[in-house]
Amino acid sequence: MTPATTTETDVPTGLEPGGTDQPPDEPAGPVVGTRRERREDPALLTGEARFTDDLQIPGALHLAVVRSPFAHARITRVDVSPALAMPGVVAAFTGEDLQGEWAAPMPCAWPVTEDMKSPPHLPLAVGKTCYAGDGVAVVLAESNEAARDAIDAVDVEYEPLPAVTDLAAAISDEVVIHEDLGTNTSYRWELHLDDDAVERAFADAAHVVRERYIQQRLLPMAMEPRACAAVPQPFGGDITLYSATQIPHILKIMTAVTLGFPEHQLRVVAPSVGGGFGSKLNVYAEELLVTALARKLHQPIRWVEERTENALGTIHGRGQIQDIELAADADGRVTAVRVDLTADMGAYLQLVTPGIPLLGAFLYCGVYDVPAFSFGCTGVFTTMTPTDAYRGAGRPEATYAIERAMDALADEVGVDPAEIRRRNYIGADRFPYTAVTGLVYDSGNYEAAAAKALDLAGYDDLRAEQQRRRAEGGPKHLGIGISSYFEMCGLAPSRVLASLNYSAGGWEAATVRMLPTGKVQVVTGATPHGQGHETSWSMIVADKLGVPPDDVDVLHSDTALSPLGMDTYGSRSLVVGGVAIDMACDRVVDKARRIAAHQLEAAAEDLEFRGGEFSVRGSPDRSVPLAAIAFAAFTAHDLPDGEEPNLEAHVTYDPPNFSWPFGTHVCVVEVDEETGGVEVRKYVAVDDCGNQINPLIVEGQVHGGIVQGLAQALFEGVVYDADGNLVTSNLTDYLVPSAPDVPSLTLDHTVTPSPTNALGVKGIGEAGTIGSTPAVMNAIVDALRPLGVDEVLMPASPLNVWNAIQRAQSRPDPERTTTSATAGDTNADAGGAS
């Protein structure tokens, strides 16, 4: 990727993004806010890191899964005997063979309505398969190659049934996938606030915009495919499950519940994890299979995913049809937003499948002051791979709809897209802002971030160039797209999650202990898979305790070392896990202060703590270093009465509110009307995540997020054929951008600290993905408006762009239409994959 250009900004005092490089071995000043290279990277870059498939496990059998080639079929016979006769094969099991191993079906932790329909989902199908890739049998062999060879020998007879890959067809129930349910509709969820206000707003509106947008399915495509291994202990029932997972703590609980054995007998370890993007935020069949079979056979069992299996058996992202309506007054000020979604669940409900569309339910008003709002979502089963969380999880979809619709409103009103946004932004003086949904946005200055982005992009000059080029004519058209976004991140507090019927809490746990030698050990329930937790957590602790960052050891991703945790997703690591560590440091200092006061024969309130040392206010010669206090706490020879030995603190933190990062992205494209080719000429992103712990890590997160959002806009899209076969099953057919496809990125930031946590931080991991997709698509449509184009299907491949131009030119009615994408199909156009 071309390095980003980053412009520094003035920030308030406190945790300031300093932009200076600080050597890792000298704490010359505050560490937080400096651009420190990640301590995790040397092991990753030199091959020293150990991923799940790197683990040496003596005596392990390799598992391979026989997967259905049919999207929808009855299983009439499964014969594993031919596989058992093959060299190296030790055992083979069908779904029926293993039915007794499951105490419960695979878990769905988010029953979004009381009457939600959820078909039993077993790790291996019994009687029927409901998507291409559904597992029907497993083979265990002495090598992975032997197991893979043997699955081809398993004889399975199927009775094919009609596939359902179109949401409109699914809703019609012409073919019911799960007969016991009697319908393909899983649930209907509605947010009713003031329906009368919404109706009045639309009745009185001077302008009404009605749009339909298609969120195509996406493959998460983490660099490391999934892998897992279960290792039973020689005596007793204890077992260790190694998995490339984002959620070792949640996986531990759900595995114990599904298999019906005591949770304390299971240890889950996530070794180095090569990316997740939400796809490893799940409890998968293979994790349950290796654990069940290791317990059954008293032998280690391991499995590693191949890339095509990843496309078939790992969840997909997105998959929605979005109908959005805006009502506005004569000046273009939005008076109401009405949204209705149809969400593709896939064949079954995975861990949080039904809740993903609803994570965006509260964001469809965007960063705008909207007085009336209504929302509804219908979740529908299809004969395709289940969907679930993918980077942003509901938030990118919501932002896409409102930001595309705001451009449509600008066109309707006849004003510039930047101006329509300025007229509707929530003012900076109105925070904390209570939205029409009832949620409270902690802090924001949306107009300032937008102004900075437009200035960096040279917006006025670009518009002038666009007008000049349009007057001159020519086949290449300049387009400028804007996206102002915000998101709720942290996935907390727990009481709010309870109101949404989410089965887990939103807290996070942390322990900070200073060892007798003055070194510091941190135990965190947040589990990294590329975010740089070890680096960031050590920086927080270094400043709080006055120690060098290299003296801080961070332990994570092992439920034996870190028994409490809610893991990593939803941009929650820093705003929940990092704040918990900050609070634990405060408690360590408070305890140390009491011990220091005892030693110095002073009142605790008279002590100052600075640079790792306590001193008596006004008598700096009366001092004691924190390291000496740690040793004294360890020996416990002279502690205050009632004070426990050792210097450590544990915190379980449940935030009082979500955090609300925001920003504005500007994308500049050139579109060739003759070929449909799109070239991104410039990309500017101004993001605000509050105070920054490590600006270098922030920039890295924004880089990756933008590229994934840009990929949805221009490159990526899952394609199924009418029979439910996955056409884009590998990287030959599924187009992922590479470095030459990515433009230079100009990054900047504003800093609006969150008032809801002591660090003043907000999340950043998903921001780039949320802001980028609508910016790119708005730019493409902006370029083509003179040709009558008001919508282009994603991905905006040359074929899809060219088709949009042809449709516009052949349309007899010159007035804008709601959309050119009217099908009930969340498949990408096949042209987007080639």
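I began with V522, whose place is in strand β21 (residues 520–524); I take helices (H or I, at least four residues) and strands (E, at least two) as DSSP runs, numbered from the N terminus. This is a predicted model, in which local features need pLDDT of at least 70 and side-chain atom pairs count only at pLDDT 80 or more, while totals for chains, interfaces and linings use all residues. Residues are numbered from 1 along each chain as its sequence is written, and side-chain values use heavy atoms, with hydrogens and water left out.

Is V522 buried or exposed? I find V522 buried, with a relative accessible area of 0%, where buried means under 20% relative accessible area, exposed over 50% and partly exposed in between (1.4 Å probe, protein chains only). I then listed its contacts, a contact being heavy atoms within 4.5 Å: leaving aside neighbours within four places in sequence, V522 touches T511, V512, V541, V552, D553, V554, L555 and I581. I also looked up A633, which is 111 residues from V522 along the chain, and the C-alpha atoms of the two are separated by 18 Å.

**Entry: the sheet that holds β21**

Strand β21 belongs to an open sheet of four strands in the order β22-β21-β20-β26, with mixed pairing; I count two strands as paired if DSSP finds at least two bridges between them. Its edge strands, each pairing on one side only, are β22 (552–555) and β26 (647–653). From one strand to the next the twist averages 15°, with axes taken as lines fitted to C-alpha atoms, for helices over the stretch in contact, and angles running from 0 to 180 degrees between N-to-C directions. Strands β21 and β22 run parallel and are joined by four bridges, and the bridge partner of Q521 in β22 is D553. Helix α15 (residues 533–545) packs on this sheet, where it touches β20 (508–514), β21 and β22, and its direction makes about 135° with that of β22. Helix α16 (residues 573–600) lies across β20, β21 and β26, running at about 145° to β26.

**Entry: the seven-stranded sheet**

I next looked up an open sheet of seven strands, with mixed pairing and the order β4-β6-β2-β13-β10-β11-β12. Here β4 (89–94) and β12 (266–269) are the edge strands, each pairing on one side only, and the twist averages 20° from one strand to the next. Within this sheet, β10 (residues 227–232) and β11 (residues 239–243) pair in the antiparallel sense over five bridges, and A230 stands opposite L241 in β11. Helix α3 (residues 144–151) packs on the sheet, touching β2 (61–67), β4, β6 (135–141) and β13 (301–304), with its direction at about 25° to that of β2. Helix α7 (residues 285–297) also packs on the sheet, touching β2, β4, β6, β10, β11 and β13, and its direction makes about 20° with that of β10.

Why do I note α3 as largely enclosed by the rest of the structure? It is because six of its eight residues are buried, and these are N144, A146, A147, R148, A150 and I151. The buried residues of α3 pack against β2, α2 (81–84), β4, β6, β13 and α8 (307–313).

**Entry: cavities**

How many cavities of 30 Å³ or more does a search of the whole structure find? The search finds six. A cavity here is a set of points, on a 1 Å grid over the protein atoms alone, where a 1.4 Å probe fits but cannot get out, and lining residues have an atom within 4 Å of a point. The largest cavity holds about 160 Å³ of space, the volume being that filled by probe spheres set on the points, which are joined across faces, edges and corners. Of the 20 residues that line the largest cavity, R67, Y131, A285, E286 and G313 are the closest to its centre. Both β2 and α7 supply at least two residues of this lining, and α7 gives the most, with three.

**Entry: two further strand pairs**

Nine of the 12 residues of strand β9 (residues 207–218) are buried, so β9 is largely enclosed by the rest of the structure. Strand β9 pairs with β14 (residues 317–328) in the antiparallel sense over 11 bridges, and I214 stands opposite I321 in β14. Strands β24 (residues 613–616) and β25 (residues 619–625) pair in the antiparallel sense over four bridges, with V616 opposite S619 in β25. The hairpin of β24 and β25 has two residues between the strands, and in it G618 takes a positive phi near 90°.

Note on methods. 1 Å grid on protein atoms, 1.4 Å probe; cavity = no way out; pocket = protein on both sides within 12 Å on 5 of 7 lines; lining within 4 Å.
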